[in-house]
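This report covers one protein chain and its ligand. The sequence and the model come first, and the commentary follows.

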Amino acid sequence: MIDVNNLSVTLANRAILRKISFSLSDGEFLAVLGPNGGGKSTLIRAILGLQEYEGAIKYTGGDKTIGYVPQIKTLDRSFPARAEELVATALKKRWPWSIDEHCKGVVSDALRQVGADHLIRQQIRNLSGGELQRVYLARAIISQPSLLVLDEPASGVDVVGASDMLEFVEEYRKKNNAAVIMVTHDWEVAFHHASHVLILKTDQISFGSASEAMSETAIRTAFGHVGHSHDIFGGGHVHA
Ligand SMILES: Nc1ncnc2c1ncn2[C@@H]1O[C@H](COP(=O)(O)OP(=O)(O)O)[C@@H](O)[C@H]1O
Ligand SMILES: [Mg+2]
């Protein structure tokens, strides 16, 4: 599905990512963990072709597009558009000033799938973070991508919103045998849901199955502490 080989990104003479290598197959779920500024969003941008890099990224998902749900805090909310138009941008090469009946049907179907059909006529500036994220999720799945990429889908969203989103993503993955790459700060989600975990802090701290990659040493190297992750480390209370 996707093969990343020795990926490095340098911005303003500073290494942002250094020799990142991993691969992911159809149906697999990769959680990307790391501290703020660790390069997670930069990795996502490179995968989406929005960021120049050294090394190689090989995407073997055919001509299928990649579905992308951006990090909410980076979104421009002042943009005058309705949810319907935002979702329709995934179907058009230009801004959909007018949306034909067929397209309207596809858009409302995608919104319905993510439980956001009631938002269709809403201006995006009036949506909560969780609602806007659902609209972006509808936009991401509209072309039934074989790879779904989500950048911190739980941040700025309440707990219910976050677990609904995760449930939907899991359902989508299983139904379509799609691969998922999700940047998350939630170690529990990574540990219990992901088939693979990648920990980044400019360098690749670890990659493997959740239990391999999320060793106490790896977590400590990336974050400087192991927080409240005692469930992950076999029930013993571990504190930095
Ligand atoms: N255009 C840019 N020019 C210089 N540095 C940048 C640019 N974009 C991001 N960075 C830096 O790259 C580092 C990694 O950012 P990012 O990938 O957003 O981290 P994360 O998503 O893990 O929090 C940060 O230190 C950030 O300041
Ligand atoms: Mg980020």
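In this predicted model, Tyr 172 sits in helix α5, which covers residues 159-176. Is Tyr 172 buried or exposed? Tyr 172 has 20 C-beta neighbours inside 10 Å and therefore counts as buried, since the cut-off for a buried residue is 20 or more. Setting aside neighbours within four places in sequence, the contacts of Tyr 172 are Ile 141, Leu 148 and Ala 178. Ile 99 lies 73 residues from Tyr 172 in sequence, and the C-alpha to C-alpha distance between them is 26 Å.

Helix α3 can be described by its length and its two sides. Val 107, Ala 110 and Leu 111 are the buried residues of α3. Viewed down the helix axis, the buried residues of α3 fall within an arc of 100°, which means that they line one face. Their cover includes helices α2 (83-88) and α4 (129-141). On the face turned away from the buried side, α3 carries the exposed residues Glu 101, His 102, Gly 105 and Asp 109. Just after α3 comes Gly 115, with a positive phi of about 70°.

| Helix | Residues |
|---|---|
| α2 | 83-88 |
| α4 | 129-141 |

Which residues surround ligand 1? The shell consists of Leu 11, Ala 12, Ile 16, Gly 34, Asn 36, Gly 37, Gly 38, Gly 39, Lys 40, Ser 41 and Thr 42. By class, three of the shell residues are nonpolar, seven are polar and one is charged. Helix α1 (residues 40-47) contributes the most to this shell, with three residues.

For the chain as a whole, the secondary structure comprises eight helices and nine strands. The radius of gyration is 18 Å, close to the 18 Å given by the globule rule for 240 residues, so the chain is as compact as a globular protein of that length. Along the principal axes, the C-alpha trace spans about 55 × 40 × 35 Å. Of the 240 residues, 40% are buried. Among contacts with a separation of 6 or more, 64% join residues 24 or more positions apart.

Key. Residues numbered from 1 in each chain as written. Chains lettered and ligands numbered in written order. Predicted model: local features only at pLDDT ≥ 70, side-chain atom pairs only at ≥ 80, totals over all residues. Buried ≥ 20, exposed ≤ 12 C-beta atoms within 10 Å, placed from the backbone. Helix = DSSP H or I, 4+ residues; strand = E, 2+ residues; numbered from the N terminus. Arc of directions from axis to C-beta. Contact = placed C-beta atoms within 7 Å. Near = placed C-beta within 6 Å. Nonpolar A, V, L, I, M, F, W, Y, C, P; charged D, E, K, R; others polar. Rg over C-alpha atoms; globule rule 2.2 N^0.38 Å.
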